[in-house]
Amino acid sequence: MKSVKKILLSITYILLTVCMYGQSPKYAYHTATATVRVPISIAKDQDLDFGYLASGTTSGTAVISTSGVVTRTGGVTILGGGTPTNARFTVTGEAGRTFTISRPSTITLTRSGGGTLTLTITSDTTSPATIGADYTKVINIGGSISVSANKATGVYTNATGLYLTVNYN
């Protein structure tokens, strides 16, 4: 009988200990989130082209607006036959996101056989800019070149291109 009492006391002790100190497990729930965004990209739509110009006996300036209109001052003459166009780029990305634009302020145009012109670049878009509801933002580029008197004839071009870099803010 003593051993039955000891067994019952031991079981009672174990049950009391479990009830007093044992606790049910606690759980914490976490959520995992991944946001997939539209990547930003830029594509060239058209190149910048002043059309055909002539240098006179005095220096002058040719300007192409961001909408593609060419004007001149001084000894520069705008000749027919060319198709002046502003440069145009389309940025594609997430609607409403802002982004920065990096571009050179000038580039050098070089003629095969020697001679250069410096193109000072203008844009209709300031940085930072915002991507529209249609997931795009068009950037128009214009510029001006100073043409010295009696400038050598030929095609002046930029061998490395006009690059714009865009990044989300």
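Student: Which residues does threonine 125 touch, not counting residues up to four places away in sequence?
Tutor: Threonine 125 touches Ile101, Lys137, Val138 and Ile139, where contact means heavy atoms within 4.5 Å. Before we go on: this is a predicted model, where local features need pLDDT of at least 70, side-chain atom pairs count only at pLDDT 80 or more, and totals for chains, interfaces and linings use all residues. Residues are numbered from 1 along each chain as its sequence is written, and side-chain values use heavy atoms, with hydrogens and water left out.

Student: Why is threonine 125 called buried?
Tutor: Buried means under 20% relative accessible area, exposed over 50%, and partly exposed in between, with a 1.4 Å probe and protein chains only. Threonine 125 has 11% relative accessibility, so it counts as buried.

Student: What joins the side chains of threonine 125 and aspartate 124?
Tutor: A polar contact of 2.9 Å. The term needs a pair of N or O atoms within 3.5 Å; within protein, one must be able to donate a hydrogen and the other to accept it, and residues adjacent in sequence count only if both atoms are side-chain atoms. Here the contact is between side chains, at 2.9 Å.

Student: What makes β1 and β4 a pair?
Tutor: Strands (E, at least two residues) are DSSP runs numbered from the N terminus, and two of them pair if DSSP finds at least two bridges between them. β1 (residues 41-46) and β4 (residues 87-92) have five bridges, in the antiparallel sense. Glutamine 46 stands opposite arginine 88 in β4.

Student: Which strand holds the bridge partner asparagine 140 of arginine 88?
Tutor: That is β9. β4 and β9 (residues 136-147) pair in the antiparallel sense over six bridges.

Student: What is the order of strands in the open sheet of three?
Tutor: The order is β8-β5-β11, with antiparallel pairing. β8 and β11 (165-168) each have a single partner strand, so they stand at the edges, with one side of each left without a neighbour in the sheet.

Student: How do you know that arginine 97 lies over the face of tyrosine 168?
Tutor: A charge sits over a ring if NZ of Lys or CZ of Arg is within 6 Å of the ring centre and within 35 degrees of the ring normal. Arginine 97 is at 4.0 Å from the ring centre of tyrosine 168 and lies over its face.

Terms used:
Helix = DSSP H or I, 4+ residues; strand = E, 2+ residues; numbered from the N terminus.
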